[in-house]
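The sequence and the structure come next.

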Amino acid sequence: MNSKKILAAYFSASGVTAKTAAHLAETLHASLFEIKPEIPYTKDDLNWTNPNSRSSRERDQSVRPAIASRVENMAQYDTVFIGFPIWWFLPPTIIHTFLESYDFSGKTVIPFATSGGSGMGDTDKILHALCPGAVQWRPGKLLSPQTTDTELVQWVEELKL
């Protein structure tokens, strides 16, 4: 596709975003990195209908969950795709942790998300603010495990990386 070094980093709570990220990485010939919390989420932690669940508290209190590992040599990447599920029209706060952990100076950053039905909300605005050094910020896109290779290639071509 192009000669730029690309990373597809993702957080997946249920496996949907993981499948989508793997498909994107395969299509782009990109490296793949899973953003894993130090303390894995349980089913109860992810119960969005419970205001006391871990995911609800993290959102309400702007908690930054610790990440279990780091991207080796982030400096080698020109473009970083960052994938996550949408929770309450927002990215999970572990994505904030990830973005705040690296210097994105000179990089193109492109979020992508999966969702059970909600849109991206203010995701672009929130995450873009966490990457002040990024040379380019591209608008986020909702993807699904059913997104075809052709659709992915078309999206990436539209990005003009």
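How many positive and negative side chains does the chain have, and how far apart do the centres of the two sets lie? The chain has 15 positive and 17 negative side chains, and their centres are 2 Å apart. Lys and Arg count as positive and Asp and Glu as negative, while His and the chain ends are not counted. The place of a charge is NZ of Lys, CZ of Arg, CG of Asp or CD of Glu.

This is a predicted model, in which local features need pLDDT of at least 70 and side-chain atom pairs count only at pLDDT 80 or more, whereas totals for chains, interfaces and linings use all residues. Residues are numbered from 1 along each chain as its sequence is written, and side-chain values use heavy atoms, with hydrogens and water left out.

**Overall fold**

The chain contains 5 helices and 6 strands, in the order β-α-β-α-β-α-β-α-β-β-α along the sequence. Helices (H or I, at least four residues) and strands (E, at least two) are DSSP runs numbered from the N terminus. A compact globule of 161 residues would have a radius of gyration near 15 Å, and the chain agrees with this at 15 Å. That radius is taken over C-alpha atoms, and the globule rule is 2.2 Å times the number of residues to the power 0.38. The C-alpha trace spans about 45 × 30 × 25 Å along its principal axes.

Of the 161 residues, 46% count as buried. Buried means under 20% relative accessible area, exposed means over 50%, and partly exposed lies in between (1.4 Å probe, protein chains only). The accessible surface of the chain is about 8300 Å², and carbon and sulfur atoms hold 49% of that surface. These areas come from the Shrake-Rupley method with a 1.4 Å probe; for residues, only the protein chains shown count as cover. Among contacts (heavy atoms within 4.5 Å) with a separation of 6 or more, 76% are between residues 24 or more positions apart.

**Strands β3 and β4**

Strand β3 covers residues 79-85. It is largely enclosed by the rest of the structure, because 7 of its 7 residues are buried. T79, F81, G83 and P85 point one way from β3, and V80, I82 and F84 point the other way. Strand β4 (residues 108-114) likewise has 7 of its 7 residues buried. On one side of β4 are T108, I110, F112 and T114, and on the other are V109, P111 and A113.

Strands β3 and β4 run parallel and are joined by 7 bridges. Strands β1 and β3 also run parallel, with 5 bridges between them. Two strands pair if DSSP finds at least two bridges between them. The table lists some of the facing residues.

| Residue | Opposite residue | Strand of the opposite residue |
|---|---|---|
| F81 | I110 | β4 |
| L7 | V80 | β3 |

I82 belongs to β3 and is buried, with a relative accessible area of 1%. Beyond neighbours within four places in sequence, I82 is in contact with A9, I95, F98, L99, V109, I110, P111 and F112. A66 is 16 residues from I82 along the chain, and their C-alpha atoms are separated by 17 Å.

**Helix α3**

Helix α3 (residues 93-100) is mostly covered, with 7 of its 8 residues buried. The buried residues are T93, I94, I95, H96, T97, F98 and L99. Their cover includes β1 (6-10), β2 (31-34), α2 (54-61), β3 and α4.

**Loop residues**

Most residues other than glycine have a negative phi. S62, in the loop between α2 and β3, has a positive phi near 50°. W88, in the loop between β3 and α3, has a positive phi of about 55°. At 25% relative accessibility, W88 counts as partly exposed.

G133 lies in the loop between α4 (123-128) and β5 (136-137). With 29% relative accessibility, G133 also counts as partly exposed. Which residues does G133 contact, leaving aside its neighbours within four places in sequence? They are F104, S105 and G106. G133 and S105 are 28 residues apart along the chain, and their C-alpha atoms are separated by 3.9 Å.
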